[in-house]
Amino acid sequence: DLCIPPAAVQSPASGTAAQPTFFDGIGTSILSLQQYRTFPTDIVPKLAGDIDSAASNFNPTHPEAIAPTLADGLKIVDQLIHFTETSSASTLEKYNALHELRIKQTQLNQALTLALGLSLKATAASADLPAQTPSSVTTTLSQTSAEPITYVRAWSSSSTLRGVGDGASSHGGPVWKVSRDKPLTRECGLSAEESAVTRPYFTRTNIEVPVYTLLTSDLRNAPAAPAALSCWAMVNFMGVDITIGATALHDGQPVRFVPPINLSTSSPTQLLLPGQKSVTIAVHGADPSITANTLTPDFEVSLKTPPNWIVKPDILPSGHVYRLTPPSLATQPATVQAIATSTSTHHEYTEGYRSIGYGGLPRTNIYTPASTRIVPLNLTVPESLGIAYLPGTGDDIPSALTALGYNPTILKVSDLTPDTLDKFDTVILGVRTYNAHPDLHGIPTQALLDYARNGGNVLVQFQTDEFTADDAPFPLSLGRSAEKVVDETDPVKLLESASPLLTTPNRITPTDFDNWFEERGHGFLSTWDTHYTALLEVHDPGSPEEGVQPELPQRGGLITTHLGKGRWTYCAFALYRQLPEANPGAFRLFINLITPPARR
């Protein structure tokens with residue numbers, strides 16, 4: 001009915017008939033509600049009159065003046081909704097009418113809230129509240145106008161908050177008035193059954209899965225899940241109930257419900273080096289309500305291991321420490337799972353969480369299994385290497401060095417002096433160091449090059465456009481756009497299989513590039529001087545069926561040059577992604593790159 005175009009009208013300017021459009025006949029005024037046969041239509045003009053009156057009489061300095069008119073309009077909408085819900089009209093017509101009326105109900109409710117200067121704040125004692133545990137939220141209801149308002153009740157987004165003390169309208173008890181000079185504050189209790197663990201609405205099993213699984217399909221494309229806890233209050237003005245809501249916050253952050261224990265192991269991966277008979281794993285747990293370790297006596301901790309592993313526990317004040325001995329012939333990675341069992345509820349917990357976010361944006365808790373992947377490595381590790389590391393923009397290479405038994409020294413740009421550098425066998429630059437440290441150009445870089453000429457070993461990980469030929473011993477270029485190889489399965493060709501970097505102390509073969517994560521690398525060089533030697537070649541295969549042509553061979557991912565008594569190497573292969581995942585081949589290549597010429 002809404003789309004039947006009216007008769008063509010005369011254009012006042014030209015006297016000709018206006019052309020009909022798709023939108024002709026669509027009612028855009030309140031009076032268009034009269035099309036529904038679910039309520040007496042003679043009520044609608046009164047509603048339209050109230051809305052027109054409120055709009056024409058609105059005064060920004062005294063918005064409360066139109067509150068009675070808005071209240072009268074909201075009362076009419078409430079009546080129309082009641083008529084519609086009890087109407088004998090068809091389901092479709094009732095649905096359409098209720099859709100329109102509830103939108104108008106929400107708009108009038110919000111207009112009344114603003115006109116009366118009503119606001120609600122909900123404050124929690126912590127941003128992380130224990131799930132399935134009694135807790136409370138403090139609600140404060142304020143008003144800037146002097147209009148008489150009566151407090152009715154409050155409730156949470158999941159169920160009615162206990163301890164609110166409903167007003168006389170429902171229980172015949174005391175009537176609480178809300179005034180401009182005295183906000184109304186109430187402690188609202190939340191029972192143990194009213195809070196479930198707050199999680200993102202999407203997940204994936206590992207970093208190689210290219211898409212997320214939706215835990216709540218209704219939230220598809222939503223920027224985030226709704227707030228875990230919203231509080232609501234109802235007040236009465238001139239016989240009309242007004243609803244006000246607020247997200248429960250702590251220091252500006254929405255409340256999240258978390259498990260009673262935040263369980264974690266000392267490391268997500270653990271290396272089993274040649275000759276190493278056992279590994280040590282520590283299990284930690286924290287109670288979010290007191291931010292302290294509470295593994296005992298509230299929880300019993302155990303480890304789930306593969307068959308034939310020997311586990312020897314040792315309980316310490318800082319947590320539970322276990323020494324694990326795998327079978328003597330263990331050659332494949334194995335996962336050890338930590339389990340904390342509540343001594344009161346007997347519920348098992350197997351994961352932990354951490355908060356992520358940026359600036360003042362709402363934080364999100366990300367959950368990860370409390371497990372450790374133990375990876376046996378077949379490689380040679382030189383002993384007693386002195387290694388220094390200049391961090392870039394966020395890689396975890398120092399942890400990989402520690403796992404190999406080294407104790408890397410973390411440098412600042414100001415530490416790049418001859419006296420400091422001479423103490424080390426190898427100096428490593430983290431990813432994007434020239435982006436993170438503009439002051440690295442010039443004198444500090446020249447100190448690095450002089451260090452290499454005097455016998456040192458310099459390894460530069462992938463860089464961005466800030467890295468120029470002036471930062472290298474001989475000319476090179478990243479080009480206008482740094483090349484990348486995103487297909488982590490594409491074969492890698494050894495160009496100089498006899499190079500010491502590919503043979504000593506570990507012989508590198510194409511199989512060392514199996515099972516890489518996310519990519520081969522980026523920041524590949526486009527040009528380099530003949531003093532450099534390119535060691536590897538790789539390229540994206542493209543997808544001809546999708547019109548994506550194969551990439552040209554990329555040889556600028558690993559180049560090296562002798563420099564005086566030492567060596568300078570640039571590596572764009574994504575070792576910083578592979579080492580935290582304990583990729584054996586990446587570790588073997590990494591050890592070769594950090595071994596100085598004098599130790600070969």
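**View 1. Helix α1 spans residues 44-56.** With 13 residues, helix α1 reaches 18 Å from its first C-alpha to its last, close to the 18 Å expected at 1.5 Å a residue; the expected span is 1.5 Å times one less than the number of residues. Helices (H or I, at least four residues) and strands (E, at least two) are DSSP runs, numbered from the N terminus. This is a predicted model, in which local features need pLDDT of at least 70 and side-chain atom pairs count only at pLDDT 80 or more, while totals for chains, interfaces and linings use all residues. Residues are numbered from 1 along each chain as its sequence is written, and side-chain values use heavy atoms, with hydrogens and water left out.

**View 2. Buried and exposed residues of α1 include V44 and D52.** V44, L47, A48, D50 and A54 are the buried residues of α1 (under 20% relative accessible area, 1.4 Å probe, protein chains only). They lie on the same side of α1 because they cover an arc of only 160 degrees around the axis, taken from the directions from the helix axis to the C-beta atoms. The face turned away from the buried side carries D52 and S56, which are exposed (over 50%). Among the elements covering the buried residues are α2 (67-85) and α3 (91-116).

**View 3. Seven strands form an open sheet with mixed pairing.** The order is β26-β25-β27-β28-β37-β36-β34; two strands pair if DSSP finds at least two bridges between them. The edge strands β26 (409-410) and β34 (533-534) each pair on one side only.

**View 4. Strands β27 (residues 426-429) and β28 (residues 457-461) pair in the parallel sense.** Four bridges join these two strands, and V427 has V458 in β28 as its bridge partner.

How values were computed. Contact means heavy atoms within 4.5 Å.
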